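Me: I would like to learn how to read a few features of a protein model, taking one feature at a time. Could you give me the general idea first and then the case at hand?

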Amino acid sequence: MKKTAISIALLVAVGLPVHNYAQTQAGMPVTNNQRQVSLVKILKKLEKSTNTKFFYSASDFKNIWVDENKINYSALKQSLDYLKKSVPLEYQIQNNTVTFRKLASNNSFTENEIKPKNDTINQQEKKIEEVVVVGYGTQKKSIVTGSVSVVKGSVAEGQPVLSAGNILQGLAPGVTVTTQTGAPGGDAGNIRIRGINSFGGSDSNPLVIIDGVAGNINDIDVNMIESISILKDAASSAIYGSRAASGVILVTTKRAKGDKLTAQYRVYTGWQTATAIPKVTDGLTYMKVFNDASMNDNGTKIYSDEAINAFTEAYSKNPGNYDWQKAILQGSGFLQDHYFSLSAKSGIISVAPSFGYSKQEGIIKNTNFTRFAFRNNMDITPNDQWNIRMDLSFVNKDRKQIADEGTIWNYLGRMPTNIPIYYGNNYSDGWVKINPVGFIEDGGNRKQNNVELIGNLNVSYKPTDWLTLKGLVAPRYLTTNIHLFRKSVNTYYEDGTEAGAANTFTELTESARRQFYGTYQFQANVKKDFGKHNFELLAGTSRETYNEKILSGYRRDFLYDNYEVLDAGADNETKDNGGSEYEWLLVSAFGRFNYNYNQKYLFEANVRYDGTSRFIGKNRWAFFPSFSAGWVVSRENFSKV
């Protein structure tokens with residue numbers, strides 16, 4: 001799919017501090033052997049010279065000045081990398097577009113302020129030690145021994161992406177995201193970390209943890225993400241056990257920041273169009289080529305001269321009646337995404353509620369996807385020892401498809417172009433009684449509704465400066481209801497007689513699935529330093545439960561094919577129903593030991609001991625250890641210049 005999007009961002013803040021980058025008190029930079037040009041002007045020139053579309057807010061980058069001598073207007077990537085190092089911004093390249101976002105000065109970015117002094121520029125840096133999220137905690141990035149990649153949520157904000165997993169494409173080494181379809185609600189990509197590590201149909205999807213709880217990354221609005229950590233090797237992911245065999249993705253959502261009330265609204269709209277439509281020949285060429293093949297094979301013609309002349313005459317009167325691809329791709333492809341968030345603090349309580357609404361129309365009529373997402377992250381900090389987090393998340397998704405959508409895509413490039421779509425007001429018999437346009441307009445529908453509700457209570461207690469105790473309780477409830485109503489679509493011959501239908505009867509299948517996950521964790525963290533010797537120990541235990549119930553019903557031979565309920569179907573031997581229930585239990589103990597000497601020589605050991613109800617006997621329990629070491633050469637005296 002090709003996406004064209006328009007993005008608008010609005011930020012309302014009360015009492016926010018103002019920071020000026022690369023600007024003197026007089027508002028103009030003082031330079032020496034440099035050509036200082038405003039960033040906005042450079043972006044406009046770079047956009048034009050590279051024939052690339054830029055998305056950014058000009059107000060975010062006003063009063064920021066850059067040395068134009070360092071810009072190569074014929075090398076996009078080189079210029080962008082220089083800008084990223086020189087000014088507070090991040091960028092993302094997708095297809096032929098580049099999206100920019102300004103970084104806040106109190107985030108993980110170095111603030112540069114240019115001041116006049118002896119007609120030279122002196123840069124003063126605020127170096128902030130970057131912290132990354134790892135299994136059951138955080139670590140300084142400089143002392144991480146495992147393979148961990150971090151993607152900032154700011155990179156994804158405002159991107160024309162409905163499935164959050166797709167933002168990882170091209171942003172983390174060793175991570176690939178492939179999308180099989182751009183259909184509304186079906187564009188979630190398959191995420192693979194360092195390739196496929198299993199075979200025989202086994203699951204190669206990574207484990208996704210959202211604020212400490214297993215979940216689905218595509219159920220989150222991308223604007224709600226603060227950061228994503230990707231654990232790519234055994235050294236970093238072994239603490240999650242066997243489920244981490246394909247890697248782990250740790251998602252951290254946004255929380256309230258600062259003491260002021262802030263409100264933010266983002267919206268983007270756009271249109272999707274098909275970019276790779278199978279090329280087909282015209283009907284006249286189709287008939288002649290088949291005749292030539294048949295003559296070479298057995299000396300006979302499939303289409304007589306009279307049939308060819310009749311087609312030529314009918315085509316000249318109504319050529320659109322033979323354009324199957326245009327008739328199939330009649331959807332608007334319009335998509336829109338709205339996001340509104342608040343951040344506020346009153347006394348010991350901080351809240352960060354956010355709302356997301358997404359709507360996507362398909363490029364095939366009668367297909368669409370709608371998602372409503374709500375999240376509220378609350379922090380209660382009575383004193384320096386206690387911290388209580390109470391999070392609530394609600395997601396509702398509705399997806400509508402054609403009942404036989406796969407058949408429609410299959411015939412997009414297969415329908416013979418000498419066959420008309422309609423005979424008068426009736427559907428033609430198409431190909432073996434399959435008329436894709438008839439399927440779209442009168443072939444029924446498939447409707448799926450997903451509701452997810454997650455609660456997360458996380459309590460942290462710090463009795464001393466070297467000990468932290470944490471407890472987590474997180475219920476997760478999901479429902480999935482699928483309504484599949486397949487109608488019989490009659491087709492007709494040219495003389496008006498009935499040709500029959502590919503689906504000889506109308507049928508309805510209703511299914512309901514209810515899932516409940518329970519996550520319970522307790523852990524203790526000990527952190528102690530003895531001079532240049534730094535120790536950290538994590539020990540914890542967890543219990544995860546799962547229960548699933550499925551109910552289904554089936555009826556066919558509906559007397560009224562516009563009344564889509566089970567009771568309207570035939571009450572005979574063709575009816576069916578079913579039900580099942582599944583459950584499992586996972587009990588675990590886990591731990592991690594870290595040691596470093598002067599943040600120069602590093603050692604880490606992880607261990608997990610899992611017991612699952614899905615195996616019996618000696619296979620029920622398993623031990624998953626990992627060890628890693630590191631040497632920060634840059635801290636050695638001989639490496640310093």
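Me: Which side chains meet in a salt bridge at 2.5 Å, N to O?

Reply: In general, side chains of opposite charge can pair when their charged atoms come close. In this model, which is predicted, the side chains of Asp-571 and Lys-575 form such a salt bridge, with 2.5 Å from N to O. Asp-571 counts as exposed because its relative accessibility is 58%, while Lys-575, at 40%, counts as partly exposed. Salt bridges can also share partners, and in this way Arg-255, Asp-379, Arg-389 and Asp-391 are joined into one network.

Me: Are Asp-211 and Arg-375 buried or exposed?

Reply: The cut-off to keep in mind is that buried means under 20% relative accessible area. Asp-211 is buried because its relative accessible area is 18%, and Arg-375 is buried as well, with a value of 8%.

Me: Where do Glu-226 and Lys-257 lie in the chain?

Reply: Glu-226 and Lys-257 form a salt bridge in which the closest N and O atoms are 3.0 Å apart. Glu-226 is in strand β16 (residues 225-231) and Lys-257 in the loop between β17 (248-253) and β18 (262-273), so that the pair links distant parts of the chain, 31 residues apart. Glu-226 counts as partly exposed at 25% relative accessibility, and Lys-257 also counts as partly exposed, at 48%.

Me: What describes two packed helices?

Reply: Two packed helices are described by the angle between their axes and the distance between the axes. Here the axes of helix α1 (residues 39-49) and helix α2 (residues 76-86) come within 12 Å of each other and cross at roughly 165 degrees. Angles over 145 degrees count as roughly antiparallel, and α1 and α2 are therefore roughly antiparallel to each other. The crossing of α1 and α2 is left-handed.

Me: What is the phi of Asn-366, and what is the phi of Asp-557?

Reply: Most residues other than glycine have a negative phi. Asn-366 has a positive phi, near 65 degrees, and is a residue other than glycine; Asn-366 lies in the loop between β20 (349-361) and β21 and counts as partly exposed at 36% relative accessibility. Asp-557, which is not a glycine either, has a positive phi of about 55 degrees. Asp-557 is found in the loop between β30 (533-556) and β31 (576-597), and at 33% relative accessibility Asp-557 counts as partly exposed.

Me: Which residues make the nonpolar surface patch, and which strands supply at least two residues each?

Reply: The patch, of about 650 Å², is made by Met-390, Leu-392, Leu-453, Leu-457, Val-473, Tyr-477, Phe-516 and Tyr-520. At least two residues of the nonpolar patch come from each of β22 (386-402), β25 (444-464), β26 (467-486) and β29 (507-530). As one case, Val-473 lies in strand β26 and is partly exposed, with a relative accessible area of 41%.

How values were computed. Residues numbered from 1 in each chain as written. Predicted model: local features only at pLDDT ≥ 70, side-chain atom pairs only at ≥ 80, totals over all residues. Heavy atoms only, no water. Patch = residues over 30% accessible without salt bridge, like charges linked within 9 Å, V, L, I, M, F, W, Y side chains within 5 Å. Areas by Shrake-Rupley, 256 points an atom, 1.4 Å probe, with all protein chains shown as cover. Salt bridge = Lys/Arg side-chain N within 4 Å of Asp/Glu carboxyl O. Helix = DSSP H or I, 4+ residues; strand = E, 2+ residues; numbered from the N terminus. Buried < 20%, exposed > 50% of the residue type's maximum accessible area, 1.4 Å probe, protein only. Axes fitted to C-alpha atoms, helices over the stretch in contact; angles between N-to-C directions. Parallel < 35°, antiparallel > 145°, perpendicular 65-115°, else oblique. Left-handed = near helix turned anticlockwise from the far one by under 90°.
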